[in-house]
Amino acid sequence: MKKRWCNSGLPLVAGATLIVSSALAQTVDTARIENAGQNDWLTYHGSYKSHHYSPLAQINANTIGNLGVAWTHIPGRSTRGLQSMPLVADGVLYYSGSYSRVFALNGATGEVIWSFFPELDEALISRQTHSPYNRGVALGEGKVFVGTMDGRLFGLDAKSGKVLWETRLIDSQKLTVGFTGAPLYAKGSVIIGSQGGEWPGRGPIFAVDATTGKKKWEFLTVAGTDEAMKTWGNDSWRTGGGGGWMPGTYDSETNSILWGTANPAPLYDWSGADYKTQGARPGDNLYTSSVIALDIDTGKLKSYHQELPHDAWDFDSAVGEFVMLERDGQKYVVHPNKGGFVFVYDRNLGVKNVWRLVENINFVKDIDPKTGALIGRRDFPVGKVTEVPLCPFIGGGISWNAGSYNPKTGLYYKIGQEWCMTLDIQKTTPVTTPQVQLNIGADFKMVPPPSGEIYGHLDARDPITGAKKWEVRFPEPPLGSVLSTAGNLVFVPDSRGILHAYDAETGAELWKHNNGTGHQGGIISYSVGGKQYIAVTAGFGGMLADEYAPNFGGVYKSMPRDDGALVVFSLK
């Protein structure tokens with residue numbers, strides 16, 4: 001298949017030339033990402049610690065009143081909005097748009113250094129339910145890595161955007177799935193997982209050599225070991241699911257990749273309480289709705305915890321957030337789950353605690369904080385579930401976007417979503433052959449929780465115990481990521497299009513700006529030439545955002561579905 005790239009040349013200003021020159025002087029490697037400096041944002045969550053935190057403090061509670069738009073960039077063709085997380089290395093900002101378009105921009109001025117538009121099969125892309133958005137790129141060894149919806153991974157030259165290698169990992173013509181999430185670079189490898197949990201296929205996670213593009217290993221999240229195969233009765237592993245579609249992280253101490261996996265297919269099962277022996281996929285369905293640790297060199301499974309055995313609700317573990325922190329001599333990994341719970345692990349994925357971020361949860365009565373075992377699960381036979389709606393909604397009590405841990409305050413800032421749904425469970429024919437369709441197994445509708453209205457909230461909590469210090473409520477759940485900084489600030493891009501800044505200690509709102517369209521993507525901070533910037537992607541229209549106009553009306557009725565912009569702020 002043909003490739004196409006566009007090299008716009010270096011920006012014609014002195015400052016930009018210096019920025020680009022400095023980018024050539026340093027290599028983004030594992031050590032640099034692990035010890036991320038304050039000026040850059042080198043991987044999806046900022047560093048392998050996944051704090052999604054910036055140590056920059058030029059923009060702070062005292063100066064925030066002078067924050068204004070420095071520049072914007074319009075990527076064009078932003079079908080279903082803009083969902084990516086920008087990255088910055090040595091003054092150059094890299095980000096992706098819909099259709100896996102990639103841009104390298106002068107971080108101080110926004111001028112285009114180069115752009116890359118992969119040539120895609122438009123007919124194939126139009127058949128894909130989750131297309132055509134892309135959630136980010138990875139940096140490493142002088143390259144920019146991006147996945148495509150037609151199952152390829154590209155290695156681009158970071159200076160020019162030229163294609164250095166291209167590797168096909170999935171036969172997307174057959175399976176109609178590809179890559180929408182960002183890759184992860186670590187230790188000479190690029191790790192990427194396929195999208196979704198509702199298709200036949202076995203949720204592969206791939207490692208590719210960063211230098212050559214050659215595939216190094218592949219791990220199947222559906223029945224990927226002999227142990228896991230036994231947890232899919234009647235060979236139901238053929239129905240698939242389990243995509244690891246959001247990037248995880250790398251732990252150098254254990255030489256492990258930590259990754260979250262999606263739900264099994266069909267999404268809703270009709271087995272009821274007899275799920276161990278009956279229904280479309282009898283058993284626990286390993287390693288779906290799990291967190292897994294894989295040896296980065298071999299791809300072999302080292303440890304795992306299945307957060308939701310036999311997930312019958314789509315409250316999976318594909319959230320890619322693995323917050324690494326230490327307290328009282330203990331090392332922890334904090335992982336939010338789509339069901340509204342936050343799991344706390346040791347470095348070998350042993351459960352240390354489980355706490356609730358979300359109030360409206362009734363798919364289980366609770367989760368044992370010592371073992372992670374589900375207590376009082378709620379499984380459904382065929383038929384309507386309307387009298388007591390299922391909570392949370394299919395969008396999750398926690399969505400895929402990132403929270404933020406601030407080591408200065410010791411608080412974890414995370415969005416919770418309070419909404420529920422009615423269901424009509426259907427006995428579908430299990431799909432075992434890849435084809436152009438989702439395998440959902442139910443009709444569903446968003447409804448308010450029993451406690452009242454739908455709303456979202458930003459919580460400031462202790463990441464280990466879950467103790468809440470403060471909360472800010474939103475009339476509709478925000479869908480964008482959260483950023484905290486050493487300037488004692490927490491930034492939240494909301495769904496109405498407002499970017500908010502709050503006091504990190506108290507939750508008091510200090511500043512806001514209307515970006516003109518809803519947010520459902522990333523936000524970062526970086527520095528160029530001694531000046532701090534805040535960069536946020538704006539543009540609504542993904543699958544979850546599609547629910548906002550019919551359910552909330554108001555601004556969402558007129559909000560465009562196919563626009564997007566990168567908006568960058570600095571002090572005036």
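pLDDT is the predictor's confidence in each residue, on a scale from 0 to 100.

**Confidence**

I checked this first. The mean pLDDT of the protein is 92, and 95% of its residues reach 70 or more. I then looked at residues 1–25, where pLDDT stays under 50. For that stretch the model has 51 contacts beyond four places in sequence; a contact means heavy atoms within 4.5 Å.

I noted the ground rules. This is a predicted model, in which local features need pLDDT of at least 70 and side-chain atom pairs count only at pLDDT 80 or more, while totals for chains, interfaces and linings use all residues. Residues are numbered from 1 along each chain as its sequence is written, and side-chain values use heavy atoms, with hydrogens and water left out.

**Nonpolar cores**

I looked up the cores next. A nonpolar core is a set of buried Ala, Val, Leu, Ile, Met, Phe, Trp, Tyr and Cys residues joined through side-chain atoms within 4.5 Å. Buried means under 20% relative accessible area, exposed over 50%, and partly exposed in between (1.4 Å probe, protein chains only). The largest core holds 93 residues. Leu93, Tyr94, Trp114, Val144, Leu156, Phe491 and Tyr526 have the most contacts inside it. Strand β39 (residues 565–571) gives the largest share of this core, six residues. Strands (E, at least two residues) and helices (H or I, at least four) are DSSP runs, numbered from the N terminus. Another core, of 56 residues, lies apart from it and includes Tyr412, Ala442, Ile464 and Tyr556.

Beyond four places in sequence, its contacts include Val102, Trp114, Phe116, Val144 and Leu164.

**Sheet with β39**

I traced the strand order as β3-β39-β38-β37, an open sheet of four strands with antiparallel pairing. Two strands pair if DSSP finds at least two bridges between them. β3 (67–73) and β37 (523–528) stand at the edges with a single partner strand each, so one side of each has no neighbour in the sheet. Neighbouring strands here are turned by 30 degrees against each other on average, direction ignored. The axes are lines fitted to C-alpha atoms, for helices over the stretch in contact, and angles run from 0 to 180 degrees between N-to-C directions. Six bridges join β37 to β38 (residues 531–538). Ser527 has Gln532 in β38 as its bridge partner.

**Sheet β12 to β15**

I found another open sheet of four antiparallel strands, in the order β12-β13-β14-β15. Its edge strands, β12 (184–186) and β15 (215–220), each pair on one side only. β14 (residues 204–209) and β15 pair over five bridges. Phe206 is partnered with Glu218 in β15.

**Val492**

I placed Val492 in strand β34 (residues 489–493). Val492 counts as buried, at 1% relative accessibility. Among the residues it touches beyond four places in sequence are Ile415, Leu458, Phe474 and Tyr502. Its C-alpha atom is separated by 36 Å from that of Ile425, 67 residues apart along the chain.

**Disulfide**

I searched for cysteine sulfur pairs within 2.5 Å, the rule for a disulfide. The count comes to one. The sulfur atoms of Cys391 and Cys420 are 2.1 Å apart. Their S-S torsion is about 100 degrees, so the disulfide is right-handed. Cys391 lies in the loop between β26 (383–390) and β27 (404–406) and Cys420 in strand β29 (residues 420–425), so the pair ties together parts 29 residues apart in sequence. Cys391 is buried at 1% relative accessibility, and Cys420 is buried at 0%.
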